[in-house]
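Please inspect the sequence and the model before reading on.

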Amino acid sequence: MDIRFTKMQGAGNDFVVLDETAGPLGLRADQYRFLADRHFGVGADQILTVRPAPAAGIDFEYIIHNADGGEVEQCGNGARCFARYVYDKGLTDKRAIRVQTQKGVIAPELMADGRVTVNMGQPRLLPDEVPFNTSGLTPVAQHHTQKWPLALQVPSDPTTVFVVPVSMGNPHAVMLVDDVDTAPVASQGPVLESHPRFPERVNVGFLQVQSAHQVRLRVFERGTGETLACGTGACAAVVAGIALGLLQSPVDVQTRGGLLTIAWSGQAADPVMMTGPATTVFEGQISIPD
């Protein structure tokens, strides 16, 4: 099967974007894995699919597959690229759109400076909403939230870490570190990702607070591994930092791939707003295995 694709990136988080507005491609999990493969396919952290509006008042449907072929709920950097794609391709003339995701509606808007702002919806801090199993655990209260202890059976260094679980439509575990450059992302990331306390697995954020308005962040993404940036991970990290009393909105989040700006009032009923870049890298056609 030959398909057209667009390669895009947002702060170094890279994507293959597929247009299914004219009809479904019907790809299988192994075919998404092929597209994401950096040696035999195009190479990407996620595959983003544009589908027609599923209901009145919605402009498009947004489907996300991780590099392992599994469908996931949300991708913030992808949402910005999604908005840039549909506008640049002439699929809409709106600079602000409403997009249906697996876990709700998001609202990306193209800004005059070329960046894209996305209303990422309300964060969820209750463990059951992440979901996160707290049975038998004793949390440590801090400001308006709690840090939860997790025992990690890391082969080289069994340890206990403290995490703040946050849902941004997908599950995140945020932990504070002194220095992201030396943080144990490679050893603790995969162990936390598959920790039995997170029944849907989890994205793991390693957060270094530099000031009330500046942080550095690395994220080990569920089903992908460490990426250069993670939009929902940046949102979750800032939500956790504000809830812990360490940060004040807005917050500049420096990832390895670029800068994201996150704003949140600290009120549970208010949405998280994310602003950052979205860039087309190249376009092409590829033959994928039947």
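**Exercise 1: The setting of Thr-49**

Thr-49 has its place in strand β3. This is a predicted model, in which local features need pLDDT of at least 70 and side-chain atom pairs count only at pLDDT 80 or more, while totals for chains, interfaces and linings use all residues. Residues are numbered from 1 along each chain as its sequence is written, and side-chain values use heavy atoms, with hydrogens and water left out.

Task: Determine whether Thr-49 is buried or exposed, and which residues are in contact with Thr-49.

Solution. 
- Step 1. Helices (H or I, at least four residues) and strands (E, at least two) are DSSP runs, numbered from the N terminus; Thr-49 belongs to strand β3.
- Step 2. Buried means under 20% relative accessible area, exposed over 50%, and partly exposed in between (1.4 Å probe, protein chains only). Thr-49 has 0% relative accessibility and therefore counts as buried.
- Step 3. Contact means heavy atoms within 4.5 Å. With neighbours within four places in sequence left aside, Thr-49 is in contact with Leu-18, Glu-20, Tyr-32, Glu-61, Tyr-62, Ile-63 and Phe-82.

**Exercise 2: Helix α1 and its cover**

Task: State which residues of helix α1 are buried, and what covers them.

Solution. 
- Step 1. Helix α1 spans residues 29-36, and its buried residues are Gln-31, Tyr-32, Phe-34, Leu-35 and Ala-36.
- Step 2. The cover of these buried residues includes β1 (2-10), β2 (13-19), β3 (46-52), β4 (60-66) and β19 (279-287).
- Step 3. Tyr-32, one of the buried residues of α1, is also among the contacts of Thr-49.

**Exercise 3: Aromatic pairs**

Task: Find how many aromatic pairs the whole structure holds, and describe the pair of Phe-5 and Phe-282.

Solution. 
- Step 1. Rings of Phe, Tyr and Trp (its six-membered ring) pair if their centres lie within 6.5 Å; planes under 30 degrees apart count as stacked, over 60 as edge-to-face and the rest as tilted.
- Step 2. Phe-5 is buried, at a relative accessible area of 8%, whereas Phe-282 is partly exposed, at 37%.
- Step 3. Phe-132 and Trp-148 form an edge-to-face pair, with 6.0 Å from centre to centre and 70 degrees between the planes. Phe-132 lies in the loop between β8 (116-119) and β9 (140-142), and Trp-148 in strand β10 (residues 145-152), so the pair ties together parts that are 16 residues apart in sequence.
- Step 4. Phe-132 is buried, with a relative accessible area of 3%, and Trp-148 is buried as well, with 9%.
- Step 5. One aromatic cluster is formed by Phe-60, Tyr-62 and Phe-82; Tyr-62 and Phe-82 are among the contacts of Thr-49.

**Exercise 4: Helix α4 and what follows**

Task: State how many residues of α4 are buried, and where Pro-250 lies.

Solution. 
- Step 1. Helix α4 (residues 231-243) has 13 residues, and 13 of the 13 are buried, so α4 is largely enclosed by the rest of the structure.
- Step 2. Pro-250 lies in the loop between α4 and β16 (251-254); a cis peptide bond joins Ser-249 and Pro-250, with omega about -5 degrees.
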